[in-house]
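Subject: The structure we talked about

Hi there,

Here is the structure I promised to pass on.

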Amino acid sequence: MSDGLALARSGFRDGDRAAELLDDLPGIPAELLDRLSRAADPDLALETLAALAESIGEDQLWSAVADAVALERLVLILGTSQALGEFLVQYPEALAELRSTSAVGARVAEAADVNGLRIAYRRELVAIAARDLDGATSFVESSGELADLATATLRAALRIAQEGDAQADQCRLAVIAMGKTGGRELNYCSDVDVIFVHEGDAAVATRLASTMMRICSEHTTTGTIWEVDPNLRPEGRDGPLVRSLASHIAYYERWATAWEFQALMKARYAAGDADLAAAYLGAIAPMVWDASTKPEFVGAARAMRLRVVENIPAPQRDRELKLGPGGLRDVEFAVQLLQLVHGRVDESLRSPTTLLALAELTDGGYVGRRDGAALEEAYEFLRTLEHRIQLFRLRRTHLMPEDAESLRRIGRSMGYRHDPAADLEKEWRAHRRVVRRLHQKLFYRPLLEAVAAIPTEGLRLTPEAAVQRFKALGFSDPQRALADIQALTSGVSRRAAIQRSLLPAMLEWLAESPMPDAGLQAFRRVSESLGDSQWYLRNLRDEGEGAARLARVLGSSRYVAELLMRAPEAVAMLVDDGELAPRDLARLHLEMGQAVERSPKVDAAVRAIRRLRRRELTRIAAADTLGRLDILAVGDALSDISTTTLAAALDASVAAVESERGDLPTRLAVVLMGRLGGHEVNYASDADVMFVHQPIDGARDVEAANAAIEVATRLRAMLAAPSADPPLDVDADLRPDGRNGPLVRSLDAYRTYYAQWSAVWEAQALLRARPVLGDAELCERFTAIIDPLRWPTAGIGDDEVREIRRIKARVDSERLPRGADPATHFKLGRGGLADVEWTVQLLQMQHAHAIPGLRTTRTVAALDAAAEAGLMSSSDAEVLAEAWRFVSRIRNAGFLVRGKPANSLDELAADRAAVAALMGYAESEPLMDDYRRITRRARKSVERLFY
């Protein structure tokens with residue numbers, strides 16, 4: 001007598017019932033009990049086995065499954081599929097299918113009538129499931145066999161319908177498989193999507209099609225097969241069931257929508273007239289692969305996917321395997337959209353089978369290897385899970401069960417043994433997350449929209465067509481552009497394949513930039529430097545926004561292009577919005593300080609400092625070129641990087657001197673001056689500074705001064721030395737006595753000089769002084785010396801005002817370069833930077849002692865404070881601020897475009913169109929008009945306020 005408790009321990013839920021059944025099966029093979037305990041549902045498997053034995057007798061049953069393969073497959077089927085188990089009990093002759101190794105379709109092809117067809121179909125289903133469950137076939141193979149069985153069944157059903165219709169020869173009828181049947185990736189229980197094409201008598205063709213459908217879908221005592229769904233036909237369920245070939249073609253040419261062409265990707269011959277089907281497929285194929293050129297095609301495909309999700313009932317959305325977020329449709333739609341966009345010219349991407357198409361996209365470089373592998377694994381898991389769910393009752397469902405019993409059975413059928421239900425849920429949710437993430441990445445890739453918008457002929461870059469295409473896009477040297485393209489795309493490497501997929505969109509983006517030829521040449525150089533780097537190609541392909549930004553930057557700014565050529569890895573910044581935000585001062589100080597600390601030698605420290613500075617210059621200039629920073633933010637960012645560079649170089653220089661001389665006999669500070677002191681650095685700015693030192697107690701003055709001069713001299717040399725990184729020229733000419741005075745003075749020497757010899761222009765220069773680097777106490781003491789000088793207690797007197805005006809007039813007349821137009825010079829021209837800054841500085845020296853808001857080194861902030869205090873009207877302040885911002889912007893834009901400074905609009909003549917584009921103008925003339933208008937208004941305010 002069997003032990004119910006032992007059976008319960010071995011996996012049966014009802015051990016006592018299992019014991020009863022086993023006692024009724026005295027001849028059961030010894031190895032079968034162990035196999036039953038490992039079945040997906042041991043109790044179900046044993047119950048069905050007992051029913052089989054009762055139906056045909058034990059001897060005949062054990063004879064039918066005498067070999068190990070048949071026995072194993074029987075247990076797998078009985079434990080997984082109640083429906084197939086019941087079929088075997090009703091038609092035990094189907095046990096012969098457990099040994100099947102042959103291709104499907106033979107039995108249904110031989111079926112003589114409707115009932116015979118249904119039985120033959122179910123027998124072949126047993127054979128497919130047997131091979132699938134024991135691993136003899138892969139998922140791709142088993143889903144392909146299910147599709148082949150479906151097409152064989154359609155052919156048999158149509159044959160039976162034709163044999164029963166006396167007028168069948170009065171028409172030609174072709175059945176086109178669609179959906180998963182067309183893609184050879186069918187489920188165990190699914191509608192079979194078809195389209196009917198006919199020639200001849202339409203009434204007869206409709207009757208034959210209707211009869212064929214009824215044969216497959218009718219419920220009888222011998223069961224049913226599946227529903228035949230013809231709703232993918234033109235006009236859907238509202239359209240005629242059958243159409244002529246000409247009618248199909250006319251519809252697709254005039255009325256078909258994006259989703260219909262997406263569905264037609266999977267169309268293939270299924271049954272009926274093969275020649276008519278071939279004519280149909282040949283006619284629609286070109287339309288399918290040209291569909292993505294239709295306006296808003298990509299957007300329409302995305303909108304359709306969103307509608308599908310929105311139409312899922314809310315309680316089912318999180319358990320919908322097929323249509324829900326992270327489900328099968330997410331994979332299928334992403335793959336199909338990539339196929340439709342890129343498959344226009346790359347015919348290797350046209351497989352109707354999802355996993356094969358995904359492999360083609362991965363091999364072709366359109367999907368990253370890691371992403372492709374993850375998506376393949378997730379899709380196969382989800383489809384296998386769907387199969388196991390459907391196999392139980394052979395019912396069409398895509399919902400993940402919620403009851404513990406079903407989850408346990410399905411989990412065990414997929415190999416989970418410890419805690420099948422929990423492990424299955426965990427794995428399913430993990431794969432859903434992967435699919436959702438990759439769907440968002442691929443389906444919403446900006447590159448898709450860019451490529452889809454390009455006419456097909458623009459993607460076929462044959463040499464002759466390419467030259468004409470380059471001319472049409474605005475490239476001035478098409479032959480050079482063609483050479484660049486050929487260098488990037490030649491060969492069979494993965495890099496060349498990805499470049500071929502990228503370049504059509506890159507060329508369109510470059511063509512929208514002001515300097516497409518220079519941009520393409522720079523792209524080639526950057527790509528040749530980084531082309532074998534996986535992250536570079538992956539980011540450009542997967543993050544289309546990054547590719548578009550790269551094209552915009554390279555085609556707009558020679559300065560950024562040159563920075564990227566020196567360090568191409570900085571291209572990674574363009575992919576991430578966060579990477580295009582300038583680093584704050586504290587973070588820059590930390591990174592620079594760490595770079596110095598990590599470098600054992602001074603030379604290495606300096607290289608690290610300059611490398612970090614170049615990285616930040618690239619970040620700022622790229623963000624500026626892309627229009628992400630206003631002029632004040634640019635000035636702040638450039639000032640911060642100069643400040644932190646000086647701070648780190650000061651530390652490195654001190655360390656170098658101390659390594660040779662021992663501890664310094666003095667303390668040092670660096671005073672930021674000019675635009676650096678005012679947070680208004682531009683791309684061409686030097687670093688204006690003054691050096692101050694204070695000997696430590698007991699140190700000799702000469703020794704302290706020599707040490708301080710050596711530190712300052714080394715600092716300047718370090719930052720100006722020839723290098724692959726841009727130099728930072730440290731200009732100390734604003735110090736007392738200018739370049740004729742000592743490079744470094746002591747604090748006492750500064751105090752004495754300013755008390756006895758300082759001129760009014762030096763006090764004016766100190767308005768922008770910021771003592772912030774080096775010894776903190778020394779900075780504070782220096783600030784205490786200069787504040788009364790730049791912000792005198794009672795303001796400056798009339799004599800000083802006249803002197804400032806005299807100096808300004810002299811500067812205007814003597815320093816303007818010979819032949820320069822005073823109307824267009826950025827700094828010294830009428831209404832230019834000097835006009836605005838001198839006006840502000842005069843007001844600061846007159847009133848800052850009484851108005852705290854004027855005690856700032858920033859020009860625009862001082863203008864705001866002056867207007868708030870009533871020293872000028874708000875309209876004057878707005879006019880002057882607008883001029884200062886506009887002229888500063890155009891000067892920076894000129895540097896970005898040229899890669900070198902420009903002092904006037906005249907110097908930008910050759911690049912005026914590019915500068916205008918960078919500033920948001922479609923043409924250069926409106927820019928010129930605005931410049932003249934803005935500076936003319938500013939000059940009027942200056943004449944009124946300054947003079």
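Predicted model: local features only at pLDDT ≥ 70, side-chain atom pairs only at ≥ 80, totals over all residues.

Let's start inside. The largest nonpolar core has 151 residues, and F523, L550, L646 and F691 are the ones with the most contacts within that core. If you click on L550, you will find that this residue touches M506, F523, Y536, L540, L564, V571 and L574, leaving aside residues up to four places away in sequence. There is also a second, separate core of 86 residues, with L98, L173, V175 and V192 among its members.

Next, the helices. Helix α20 (residues 404–413) packs with helix α21 (residues 420–443) at an angle of about 75°, and their axes are 7 Å apart. Angles of 65 to 115 degrees count as roughly perpendicular, so α20 and α21 are roughly perpendicular to each other. On the α20 side the contact is made by A404, L407, R408, I410, G411 and R412; α21 contributes P420, A421, L424 and E425. Sorted by class, this contact has 6 nonpolar, 1 polar and 3 charged residues.

Finally, the aromatics. The structure holds 13 aromatic pairs. In the pair of Y252 and F261, the ring centres are 6.2 Å apart and the planes stand at 50°, so the pair is tilted. Both Y252 and F261 are buried. Elsewhere on your list to view, Y750, Y753, Y754 and F782 form one aromatic cluster.

Methods: Residues numbered from 1 in each chain as written. Heavy atoms only, no water. Core = buried A, V, L, I, M, F, W, Y, C linked by side-chain atoms within 4.5 Å. Buried < 20%, exposed > 50% of the residue type's maximum accessible area, 1.4 Å probe, protein only. Contact = heavy atoms within 4.5 Å. Axes fitted to C-alpha atoms, helices over the stretch in contact; angles between N-to-C directions. Helix = DSSP H or I, 4+ residues; strand = E, 2+ residues; numbered from the N terminus. Parallel < 35°, antiparallel > 145°, perpendicular 65-115°, else oblique. Nonpolar A, V, L, I, M, F, W, Y, C, P; charged D, E, K, R; others polar. Phe/Tyr/Trp six-rings, centres within 6.5 Å; stacked < 30°, edge-to-face > 60°.
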